[in-house]
Amino acid sequence: MSSEQQQAVDAPPLTEEIAPGTASDPPVGGDAPATVTVDGIEVSVEAGATLIDAVEAIEPAESVPALCHYGREEIGPRSECRTCMVETDEHGVVPACSFPAEDGMTVRTDATDAAQARDVNLDLVLSDHNLRCTTCGKNGRCELQDAAIDAEVEEPRYGVLDDRDEYEPIDDSSSFIQIDRNKCILCNRCVEACNDVQVEGVLRMEGSGQDTRIGFQSDAETMEDSTCVSCGHCATVCPTGSLVEKGIEDATTIPLPGFTQTNSVGKTHENTGKTKGPMTPKKRTEDSSDERSLTDGGDRSAGTKTETETSHADGDDWGDASERGGEWP
Amino acid sequence: MVTLDGQTGFHTGCSLERIEAIVRAFEETGDVTAADPDAVVDHGPGQTTFPTPELSGLRTGVREILDGCGWRRPTDPADHEAVGGFVDPDPDAVIDLGGTLDGRGWRDLCHDAPLADTWESVRSAAGDPVVVVNAHGNAADTLLLESAPFEALDGAVALADAVGAERVIVYASADDERAVQTVRDAAANYPDSPITVDVETGPAEYRAAEPSMAIESLEGNHRLEARIRPPDLDAVGLHGRPTLVHTPRTLAHLSVALREGEPAGTRVMTVTGDVADPVTVEVPASETLETVVDAAEMTGAFKAASVGGRFGGVTDDLTVGVKPDALAANDLGSEGVVRVLADDRCLVEFVGQRAQFAADENCGRCVPCREGTTQLAGLLRDVYDGGYDPEAIEELIDVMTTSSICAFGVQAGRPTRTALSAFESEFEAHADGRCPAGSCLEPLEA
């Protein structure tokens, strides 16, 4: 990792080469220590705090899931899930996880608009999540599951991701970490753990719209072909069953004969058995997509499809001049 | 347009052959009226402003901001100087004028807000400020760069000087090649100034115009997504510097106000959609949408207008004023683009396409926009199957509006929200299996 830098003194620091695909967010904390009132309770927070620090310091009137919030190791705030919206007298409805705590602010978690926003956004997260909890290794220790239970979700407004044709294959190609993107809520914690904490530069956010996904900076298609050093930090920070350590991927599933996570999804990238040299961060192989295997995950072979969507072109067709709308209906 | 010695002949809708004929006739006779122009205007020699003829599209409104378009040579600084341009104003005078001007368009950091406070905060902030001219994706802004780039540049340089910025960056879509080339040439010809003017391009995608994504693009990020705010770009922008992002329209208003001593008080608006040719006109802010729409020749009977750009509000009421507060009171947008829809257009189809466009083109960062636009398109498709649920649609749009990170998601539900209130019966008819415009149910059943 340091050999490149030693060769060329003028080389930029390694972090400059890391391309996580995410925006350069500004620092978001408050400038000074602040006292804010949350649901009628005065809370003092330190400089650099956001409103979520004040909300978490008390027992708020209503559940604030703040799903993508991590609040440790300088990971986040990503502020993408918007299940932390709260009402403030000063700025209206704001995301608690990324809004600076300013002295004198008044915050309510039970205001109608904020509660509705958290509620709908949680359902929107669920709408794009494979909710087969009984075949998931994170069953019982999943932040999304906890949030849904706390929020007393019985039937999500927009359903859940249960169309097998829409499932992405499970990436079971690494010996150490499994990726199931059908459970990913795009909280970006893994990308930050990989790039900002471990400085490995393996994972990135890629694509846009519904094609947004966690991918690899080396353009590899599978974990096995990526430059992953298997440190496991991504699996540690993952709030759901999207990134789990191998060996415990079935740890908390409910035994149902013949029904497993693998065949519930139906498509899997398996390990190729190929031996690899030691991983070098940012190593790129030109033919990284050639060797991947795609196998049927079980007896429900109808779900097997060849994955073709590897590029996530940004829709050049939609130039402004045309002023066209999307395909309809 | 053929002009000589204070007389100009106007020819409209010319083919290449027709232009050749006009040039030939002029060369043979030396008479600007030789080729039978559609209009002739007599004016003094040395005319510095556009001699407006009585022709459709050109006679509407006034010409303060668009004055140079089509008349002054775009990249010749002498023409801009001849109308009093390149004033070297006192920084305080610039900031003071900012109190009388507002930001034009949603791609402007100060959309519909007075400029002076933001300018003042950037001037007093630590760090080297930057001025970004965001010309991405609006027809009037592209027109200004193509036809009167010095109006935008003059305003930008005066502003940079006033806030202590050493650099102006013009940002435009890579697809607007002519605008990019023209403003590059104009920047190269700009009179000596301590301020550097660079021209950069970003991808043509709609979202690349959003101010924080414009900054991401200028920083060279290979993938564009919105930044969280606050703090906004005026505090932490391009490479962490205090950054102003203004549209060419905003800066042209500043440029004109600097040489005239007062703001023009006009709105530059583009009419597009079911029209023979899209037109960009400038009208006094006291005018209504009707005046603007009348500037273009519609290709069918008027049914509705989508006011405020791609995610504008849909209305059939053109008596609404063009001022931002009047538009906002009617849930219409102030982007300066009015798309007219003829009576064979189906509104359910129209807003469905807008929702699908939003679902396809969003950056993918925040849940209310990424997942919300997808669900919105789904709820609108459900209308065709009899599953019309206006409360569910309104609830979803409310949440997209209150909790999306950037203007893309905040605005994405507006076409549907406004159509639901102005054209409710069309939605109900679709739920009953009938398209009143007869345009979208037939193909579905086939």
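In the predicted model, three strands of chain B form an open sheet in the order S1-S2-S3, and the pairing within this sheet is antiparallel. From one strand to the next, the twist averages 10 degrees. Strand S2 (residues 7-10) of chain B runs antiparallel to S3(B) and is joined to S3(B) by four bridges; within this pairing, Thr8(B) has Val41(B) of S3(B) as its bridge partner.

Chain A contains seven helices and twelve strands. Of the 329 residues in chain A, 47% are buried, and among the contacts in chain A with a separation of 6 or more, 70% are accounted for by residues 24 or more positions apart. The chain is divided into domain 1 (34-127) and domain 2 (133-303). The contact between these domains takes 20 residues from domain 1 of chain A and 23 residues from domain 2 of chain A, and the residues on the domain 1 side divide into ten nonpolar, four polar and six charged.

Between the two chains, the contact takes 45 residues from chain A and 53 residues from chain B. On the side of chain A that touches chain B, the elements that give two or more residues are helix H3 (112-127) and strand S8 (203-206) of chain A, with the largest share, eight residues, coming from H3(A). By residue class, this side of chain A divides into 17 nonpolar, 17 polar and eleven charged residues.

Both of these contributing elements can be described further. Helix H3(A) has 16 residues and reaches 22 Å from its first C-alpha to its last, which is close to the 22 Å expected at 1.5 Å a residue. Because 13 of the 16 residues of H3(A) are buried, this helix is largely enclosed by the rest of the structure. Strand S8(A), for its part, pairs in the antiparallel sense with strand S9 (residues 213-216) of chain A over four bridges, and Glu206(A) has Arg213(A) in S9(A) as its bridge partner. The two strands, S8(A) and S9(A), form a hairpin with six residues between them, and in the turn Gly207(A) has a positive phi of about 80 degrees.

Note on methods:
Residues numbered from 1 in each chain as written. Chains lettered and ligands numbered in written order. Predicted model: local features only at pLDDT ≥ 70, side-chain atom pairs only at ≥ 80, totals over all residues. Contact = placed C-beta atoms within 7 Å. Nonpolar A, V, L, I, M, F, W, Y, C, P; charged D, E, K, R; others polar. Domains from an automatic or database assignment. Buried ≥ 20, exposed ≤ 12 C-beta atoms within 10 Å, placed from the backbone. Expected span 1.5 Å × (residues − 1). Pairing = 2+ DSSP bridges. Axes fitted to C-alpha atoms, helices over the stretch in contact; angles between N-to-C directions.
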